[in-house]
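I opened this entry to keep track of what I looked up. The notes follow the order in which I went through the model.

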Amino acid sequence: MRTTTIGDVKILLPDLEPDDLDTATDLAGSLTEALVEGAARHGSHLEDISIRSSLITGVNLSESTWEAGSLNGCEITRTDFSGATLTGITIERCAITGSRFTGTRLTDVRLKDVLFDGCRFDYATLQRVTAAGSVAFTDCALTNGAWSSCRLPRIALRACDLSGLELDSCLLDGADLRGSRLHGLKAPLDNLRGVTLGEDQLTDLTQLTITALDLTVRNE
């Protein structure tokens, strides 16, 4: 295993060697120590499938449905989850890079020691997503998404684009938002209670406060 630190968040991640993995051609069943490249699972239905210590790259899971099961100790790169529905799954000790979650619906998903790096979550819907341990999003596009009833304390959202993201009844206490674009973020102020910001984000925070409180600002 290896670790990475994002701000104050330390994440335990897998350290996989492709030569040590068994080649698999599909995600049709539970897998352990597998290398899956370029599999096409568009529109498929996965139920109670667990994938452990595996490398998944270039897989098409767009418009698919995944219910229950888990990802544990996996590295996922350049994989397409756009339009997919992920329900009741656990993602633990995983690095997910350069992957697409455009329009994806994540419901009752549990995250622990997970890094999302360079991923697209535009128009994605997160409902009751919970961070049970360290979680970080770096260089991710979260634009025009909707997060509701999520419990994501002390996560890192670094250098991400949050414009147009809607937050509703979310707990982000202790989250690190430094370096992220807040312009156009839509959120009741209590959703941002206890977050960490940089000085360069205060202008956007002021505008968010004016909008949230329906204030009128007039010149003398």
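**Confidence.** I began with the elements of the protein chain: helix H1 (residues 202-212) has the lowest mean pLDDT, 79, and strand E12 (residues 105-107) has the highest, 98. The model is a predicted one. I then looked up the chain as a whole, which averages a pLDDT of 91, and 100% of the residues score at least 70.

**Ser 148.** I located Ser 148 in strand E17, which covers residues 146-148. Is Ser 148 buried or exposed? Its relative accessible area is 19%, and the cut-off for buried is under 20%, so Ser 148 counts as buried. I also listed its contacts, leaving aside neighbours within four places in sequence: Leu 126, Gln 127, Arg 128, Asp 168 and Cys 170.

**Nonpolar cores.** Next I looked up the largest nonpolar core, which has 58 residues. Which of them touch the most other members? I noted Phe 116, Phe 137 and Trp 147. Among the elements that give two or more residues to this core are strand E5 (34-37), strand E11 (90-97), strand E13 (110-117) and strand E16 (135-138). I found a second, separate core of eight residues, which includes Val 9, Ile 11, Leu 115 and Ala 136.

**Phe 116.** I stayed with Phe 116 and asked what it touches, not counting residues up to four places away in sequence. The list reads Ile 96, Phe 101, Leu 111, Phe 121, Ala 136, Phe 137, Thr 138 and Cys 140. Phe 116 has a relative accessibility of 2%, so I wrote it down as buried.

**Aromatic pairs.** I searched the whole structure for aromatic pairs and got seven. Phe 101 is buried, with a relative accessible area of 3%.

I then checked Phe 116 against Phe 121. Their ring centres are 5.3 Å apart and their planes are at 90°, so this pair is edge-to-face. Both Phe 116 and Phe 121 are buried.

**Cluster.** Last, I looked up which residues form one aromatic cluster. The members are Phe 81, Phe 101, Phe 116, Phe 121, Phe 137 and Trp 147.

Technical notes
Residues numbered from 1 in each chain as written. Predicted model: local features only at pLDDT ≥ 70, side-chain atom pairs only at ≥ 80, totals over all residues. Heavy atoms only, no water. pLDDT = per-residue confidence, 0-100. Helix = DSSP H or I, 4+ residues; strand = E, 2+ residues; numbered from the N terminus. Buried < 20%, exposed > 50% of the residue type's maximum accessible area, 1.4 Å probe, protein only. Contact = heavy atoms within 4.5 Å. Core = buried A, V, L, I, M, F, W, Y, C linked by side-chain atoms within 4.5 Å. Phe/Tyr/Trp six-rings, centres within 6.5 Å; stacked < 30°, edge-to-face > 60°.
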